[in-house]
Amino acid sequence: MILSRVADALYWMGRYLERAENITRLLLVTEEMASEVVGLDEPLARGEWNELRTIFPGPDTAEEQVPRALRALAQATLYELAIDPLHPYSIFFSLKKARDNARTVREALTIEVFVTLNETYRELEGYTRRQIADGPGFRSALAATQRGIFATAGAIEQTLARDPGWLFLELGEEIERVFRTAVVLRLKLPALLSPAPTVDLPLFHSRWRALLRGLSSLENYRKVHGARMEAEDALRFLLFDPHTPRSLRFGTAAVKDLLERISGGRDLSLPARVIGRLAADIAYQGQDLLGDGKSLDFLDHVLGELGRVHDTLSTAYFGT
Amino acid sequence: MNWETATSGYDEVFDGADHRPRPHYAPLISILESFTRENLERRERLQKLALMNQGITFTVYGEKEGLERIFPFDFVPRIIPASEWKTVQDGLVQRITTLNLFLLDVYHEQRCLKDGVIPADLVLSRKEYKRELLGLTPPKKVFTHVVGTDLIRSETGEYLVLEDNCRCPSGVSYVLENRTLLNRVFPEFFASYPVRTVKEYPTLLLNTLLLVAPRPSQSPVVVVLSPGIHNSAYFEHSFLAREMGVPLVEGRDLLVEGNHVFMRRTHSKQQVDVIYRRIDDDFLDPLTFRRDSMLGVPGLVNVYREGNVALANAPGAGVADDKAVYAFMPELIKYYLGEEPLLAQVPTHVGLRRDDFRYMTEHLGDLVVKTTGDAGGYGMLMGPFSTKKERESYLAVMKRNPGNYIAQPLVHFSSHPTHVNGRFEPRRIDLRPFILNGDRIRVLPGGLTRVALRPGSYVVNSSQGGGSKDTWVLAPREP
């Protein structure tokens, strides 16, 4: 057992670390997709950027603040989501929060974990708006940050004792991960499930591939389905595949497992029961949920239940 | 290589008219001379990077919130031969013994006040004297579990006590980290010296704390209590908790129930036996001391009074390191131990005494004036370096409360070669050894050497532009 305050800080450290990686990955994927299709289908490129802005909303979402010109839109989004210190969903902000939380509980971490995280943060801190505005510069900066986050996750895996502190850190990571998957799917699916009859098929497949890549699942999908891209297969994969770490099924099962271990053989806590029901729904009734429009309603339900898990954690464990 | 030597005060390294290195520094100087300038600079860069990446930082007050700085580190180590250290160590043991006897006395019979060894009103008027704790005996009669005593060296090289820190002396984490860092960046320094280890400190500290646990048989729970991440010494609080393997807690993590102290944990409460608190007395318990304290634990002092929790250092111990009480230490040592002080100290004028205060007001330009309650170099006037205007306004404030001030002549304390801008230049240094008071009094063989990085400066405090050095205490050579 650990201090409630420490559990709380580790949970948020896990969430912010995972969030930083999610933003990094989705930025990299979006930038690549948008710059590739800009000549072919400019509205699509603009749509990609705007969707990303919805997934990671800034403090000021007023319509007139969003740049009209595509290039300006891309550059503003890159800057805001990468290094803007005031944007609540910038990589910088998230890493800073992860590090701030780590600093308050350094005694609960190993030196390796703290130093790797701190180095990653400090490297990103060194980038300027100008470096980010330049395509290759941006890619190398973000790739370095992503490697740093992976190294931190590696240090956690390699050096932390599997004690209750580790469980809360992992819980934060898993909740953030599955939540972000659900948000991305909820936002991207409407367009991807009912394409216009005149759709350019190769481009349509590119968008599915980008979605899979945005959820680190393209290679895993290919291992199961090969290079054949079918919307329904891809959707099923992202929702129900039991092995890919960013599917809803995998994520809810992971959260359930962690919350059961945190309950430690006592009566299951309220968040453990909420996630238990949700994970069971996904694992056993999944196939029934795919009819017309049902998947979107289901995603709304998933998002609501994940929110409940998060809210009930505070009263169950953090004493807040 | 160009070595500049000290123009005033004792030079720690170079001796006599021909400026030859003292024998214990000769090997180090020749190793340093074997480095090229580029190589030194490269090593220095590595060292700074290591400090930043490891987050070995402190917070500066009064600047923008959350500003982290690294504590500048100078790689030229300070070396103390075994024979010199023996004097320091014996003197410190004598001093800490006296401080504890003094504390026990002023909170009980007050013999030293009745016998006129120290003026009663001087002791009883200190805000660090906690009359709420009168008659209370801390476990094992230990008031000061951890003391950091600041030493300087006179112009002849004699060690002088500048002040004792009996409340929450900080800096020991840098003692340990400086050793690790120096060994990483300049491993070749260590080959020719029998340097005594400082890495035992966390074990010794934990043993010291366990010794005063009220339930010694039931694997006592020790915690480090910190004001939180915004405190300037937060790194150290976290470091010590990590090194000792005990929880780091803040006031809000603790609660008092049924006259025991508990930690709030995820599934249940856990009783706490020993609190190594790094919070000042005033903030410890809003029910006993400052009511507005958000950092403390309501009811903690009552539990302490009942003997159900041990606090290190004991509340009320701060009166012993008061700068005015310091002036009477030589008399107190003789009074309690019947011994002559082994370590000399700086002559001190006490504002509370009318004659002393008159002398202070008349010689302000020659004196270093300090307020009795403050630490960290805050509220101080360096007379010889002050302007007339500064002295006048300081004097006006002083006159409102003379008892709050003490004054000392400026000691031209010792200098040590320090690497600044690619050159080795003399900079003034002091020394803070750490003393633990457990089954017996132990002095950690090492200490924090602080260095005034500005040329000519006498101010070594980290909050005022000071840095630090690794401090080597050498083992006696086999005969």
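Modeller: Before we discuss distances, a definition: the domain bounds used here come from an automatic or database domain assignment. Please also bear in mind that this is a predicted model.

Biologist: Understood. Into which domains is chain A divided?

Modeller: Chain A has domain 1, covering 1-160, and domain 2, covering 174-320.

Biologist: And how many Å apart do the C-alpha centres of domain 1 and domain 2 of chain A lie?

Modeller: The distance between those two centres is 21 Å. In the contact, domain 1 of chain A takes part with 17 residues, and domain 2 of chain A with 17 residues.

Biologist: Which helices of chain A each supply at least two residues of the domain 1 side?

Modeller: Those are helix H1 (4-37) and helix H2 (42-55) of chain A. H1(A) gives the most to the side of domain 1 that touches domain 2, namely 12 residues.

Biologist: What is the make-up of that side by class?

Modeller: On the side of domain 1 of chain A that touches domain 2 of chain A, there are 7 nonpolar, 7 charged and 3 polar residues.

Biologist: Let us turn to chain B. How many residues of chain A are in contact with it?

Modeller: Chain A contributes 18 residues, in contact with 20 residues of chain B. On the chain A side, at least two residues each come from H1, helix H4 (91-104) and helix H5 (111-125).

Notes. Residues numbered from 1 in each chain as written. Chains lettered and ligands numbered in written order. Predicted model: local features only at pLDDT ≥ 70, side-chain atom pairs only at ≥ 80, totals over all residues. Contact = placed C-beta atoms within 7 Å. Helix = DSSP H or I, 4+ residues; strand = E, 2+ residues; numbered from the N terminus. Nonpolar A, V, L, I, M, F, W, Y, C, P; charged D, E, K, R; others polar.
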